Amino acid sequence: MPWLPSRPACSALRWPPVRMLLVLGVLLTGLLSAGRARALPEETWLIAIGNNSGDADEVRLLYAERDAREFVDVLRSQGSIASDRVRLLIDENADTVRRAILSINTALRARAEAQPHSTALLIFYSGHADADALHLRGSRLPFEEIRGLVTSSPATMRLFVIDACRSGTVTRVKGISRAPEFTIKVESRIEAEGTAIISSSTAGESSQESDRLRGSFFSHHLVNALRGAADRNGDGRVTLGEAYDYTYAQTLRSSGQTLALQHPTYWFDVKGSGELVLTTAGEGNRSSSRLRLGPASMYLIAEERETGAVVAELSTTRDRAVIALPRGRYFVQRRGSYEYREYQAVLGSTDEVDLEQLPYRSLRYDQLVRKRGGVRSSVHGLSLLAAVRGQVLDGEGPTPNLSLGYHADLPWLTVGLRLRGMTASLLAIDGALPSRRYELGLSMMLQRYVDLQWFSLAFGVELEGIYNAQRFMPGVRSASNRDSLAFGVGALFAIERQLYRGLSLRLEAAPKALLQRRAVLDLGREIGTETGTTLTWWIGGGPVWRL
Amino acid sequence: MATVRSAAARRGATAGLLAGAALLAGCGDGIVDRGFRGVAFWSYDIGTEAGAQLPENPAPVRASLFFAPGGVDQLDPEQMIELSGSTTTVETGAPLRMDIFELPSREMFARSPSGQVLDYAVARMLAYEDITFDGHRQKGEYFVGINAPYAFLYTPTALPAEKSPTARALPAGFTALLLPQSCGQKPAPATDPDTCGVSLGSGCRTAQDCGTGGSCLRETQLGWPAGYCTITEPVASGGCRPGKSEILYRPEYSPVPAEIDAYYLRRCTSEEDCDRPEDRDRDLYSCDVGLGACVPRRGSTISLFGPVEIASICAKPR
């Protein structure tokens, strides 16, 4: 089961041939110098367009409008964009979008003529599109026209983010090769001026939505990036470069769990500037609180409880990363190498909550597989057991055994292979004829686990093929060495307790039956052979290492 | 339909599993437990009988070959060494098969009066009460029976006559010797190069069946099945002593009439020489290589809880 069930946000078959699209001019000022705490210039305008409805024959999207709202929320709270400079256009047609851009351009021009200063314009679009135009509730807004609108904008810095199928046409990236690392940075402190465009996919790819994330992969990860997940250097600020790199990696990872990969692309033409900072998630504000995460890992953050709406699925590359979230109660799941740790975090009046200071519940991956949860469909493990088996041959007594096992925990059962070795010495009834028997067994095990709070119980069956070698020591008596095959079946009962990370201690016991070829004796002399069953027992224990 | 098919598939899988298991378990040699004592070098069948002094609750009775390092003249069983690879449990009244799973060690071999180790080892089959239940005779455990008519000789290689205690060449391995052995002794020179007209070794009911001068031997220390034509020593005055014969002296501790010193027996060099076509069971007699004569193949017993009397291997003529 993919972790992120998804669907393409648009149909590939209905798209016209890809045509190289003009570069959109999106105006943006507000390039922030490295020393500034504020993310964007005071006069930053944001137009967020979300349209679930495209053309009449297009599948209605579920989360495009929500993507736009989320983008607005994060930039208002973490990017400090004033509410009166935000235009949220939900389910509007091309005329409305056109008028909104014209209106902002007019306002910017009037202000610039009165007093030149840094300004920025951000346009975010989530919805249907093709290589020529945005599809807006039955109407179309050609990219040529948008280019005219934005290039005529007096904003000094322009950023256009488009989350739509084949949106790579606007960045002219058609292939799926990784673009060079995104950097907009110069040494001088002169203000930036220019255009940057980020698209959710290449010219030939679909952009996908996820029911689990309640949004598109791309927008979800972009919002998380702006919340602080992308803050690679830990300075509390998320630059455009950091946001893109993070979004690229996470979108690729998420789409990798589906049938179609999705590669975000970018294009930019910027002159001057320091780093282009979009949000200051690490500094907090009145409407949100900060959650300081633990070691670099993947985190799932949901509202209230595990089954709550997913707020963020993010992957941090830095220990102790800080994420800005609206105040509230959250379920946080950290997916480590060996286990999940689940926390309940309440972001309230305090500025920052440290996850590492909270109690947590630990869940191993094998337990998750058995619960049919988590991201893995199987967990592989090795075991090394020392065991004692009850007497099989009269005179041998209980024998020591050593076994090396491999197993795979699957959702319904655990399948394993085990290689077992045993050796035992034997003396004839009159104390003579010393011999040694070697037994090598290869078994297949099927087990069912029951996970309890402190330990797991397992029960199952084991089928074993056995090779027997009986070797007689040179001496006063004469006997030829013997080799034979046997078959064993056992009913396994086991208990396992996790010790550390993937390491567990296993204790097991089993009644066993062996079907083997035995000599028929008469007064110490062999007079024939027969195939018979021997009932015995098995008890053992040792470490189990799950990979 | 799907249900039927899946049930059939399950049955098929189960049958396949069982068949595979049986096939797997049927391959190769049979493994052995502590009851396995090895490959028997030699086996000897004998009967058992209870003597007059049978105790009510005897300890297990074992029988073993006890070797006499002192050679043919050693008669004290306490000086003999048990061959543990020959030990077997005796059930009174039941036939006994003694398997010899190991060969005598060097210390069991006979020695000359000078202490030199000879090329053979001689043994007696003795029974004892295994009071300690350990499968071996310990000091203090009583001998309660003996296979009195026979001694046993082992030689690793064929033994030439000059080195043989019986004065006859013996084959390699174990040999059962009917006692007493003549050991090269003869009571008197032969008077007839043949058998004095007596069909030595033939079956008989009475002496008349054997011809003039002959006797019908029925019992010495063991039975002679279907009778055995012989000539007894001493022969009557002027009687005939067969040259083509071998001598069996009067066994010690036997019911043989006191006036008989020895019996002249049919000479043999192979088992075929002892074949008796007239017998219903033609396997009654075999060739005793120590005596060079045909003697009963079976019929000896271990008498338990009776007197344990060990006879000399070589005859001591009166």
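Biologist: Which residues are linked in a network of salt bridges?

Modeller: The network joins Arg364(A), Asp366(A), Arg370(A), Asp409(A), Arg418(A), Asp451(A), Glu496(A), Arg506(A), Glu508(A) and Arg546(A). This is a predicted model, in which local features need pLDDT of at least 70 and side-chain atom pairs count only at pLDDT 80 or more, while totals for chains, interfaces and linings use all residues. Residues are numbered from 1 along each chain as its sequence is written, chains are lettered from A and ligands numbered from 1 in the order in which they are written, and side-chain values use heavy atoms, with hydrogens and water left out.

Biologist: Why is the contact between Arg420(A) and Glu439(A) called a salt bridge?

Modeller: The term requires a side-chain nitrogen of Lys or Arg within 4 Å of a carboxyl oxygen of Asp or Glu. The closest N and O atoms of Arg420(A) and Glu439(A) are 2.6 Å apart, so the pair meets the criterion. A search of the whole structure gives 52 salt bridges over all chains.

Biologist: What makes Arg420(A) and Glu439(A) a link between separate parts of the chain?

Modeller: Arg420(A) belongs to strand β25 (residues 414–426) of chain A and Glu439(A) to strand β26 (residues 435–451) of chain A, so the pair ties together parts that are 19 residues apart in sequence. Strands (E, at least two residues) and helices (H or I, at least four) are DSSP runs, numbered from the N terminus.

Biologist: Are Arg420(A) and Glu439(A) buried or exposed?

Modeller: Buried means under 20% relative accessible area, exposed over 50%, and partly exposed in between, with a 1.4 Å probe and protein chains only. Arg420(A) has 2% and Glu439(A) has 2%, so each counts as buried.

Biologist: Which parts of the chain does the pair Asp245(A) and Arg232(A) link?

Modeller: The side chains of Asp245(A) and Arg232(A) meet in a salt bridge of 3.0 Å, N to O. Asp245(A) is in helix α5 of chain A and Arg232(A) in the loop between α4 and β12 (238–239) of chain A, 13 residues apart. Asp245(A) is buried, at 8% relative accessible area, and Arg232(A) is partly exposed, at 41%.

Biologist: What is the order of the strands in the open sheet of chain A?

Modeller: Five strands form the sheet in the order β17-β16-β19-β20-β22 (chain A), with antiparallel pairing. In chain A, β17 (310–315) and β22 (360–364) stand at the edges with a single partner strand each, so one side of each lacks a neighbour in the sheet. The twist averages 20° from one strand to the next, angles being taken from 0 to 180 degrees between N-to-C directions of lines fitted to C-alpha atoms, for helices over the stretch in contact.

Biologist: How do you know that β19 and β20 of chain A pair?

Modeller: Pairing requires DSSP to find at least two bridges between two strands.

Biologist: Why is the pair Tyr343(A) and Tyr360(A) called tilted?

Modeller: Rings of Phe, Tyr and Trp (its six-membered ring) pair if their centres lie within 6.5 Å; planes under 30 degrees apart count as stacked, over 60 as edge-to-face and the rest as tilted. Tyr343(A) and Tyr360(A) lie 5.6 Å centre to centre with 50° between the planes, so the pair is tilted. Tyr343(A) lies in strand β20 of chain A and Tyr360(A) in strand β22 of chain A, so the pair ties together parts 17 residues apart in sequence.
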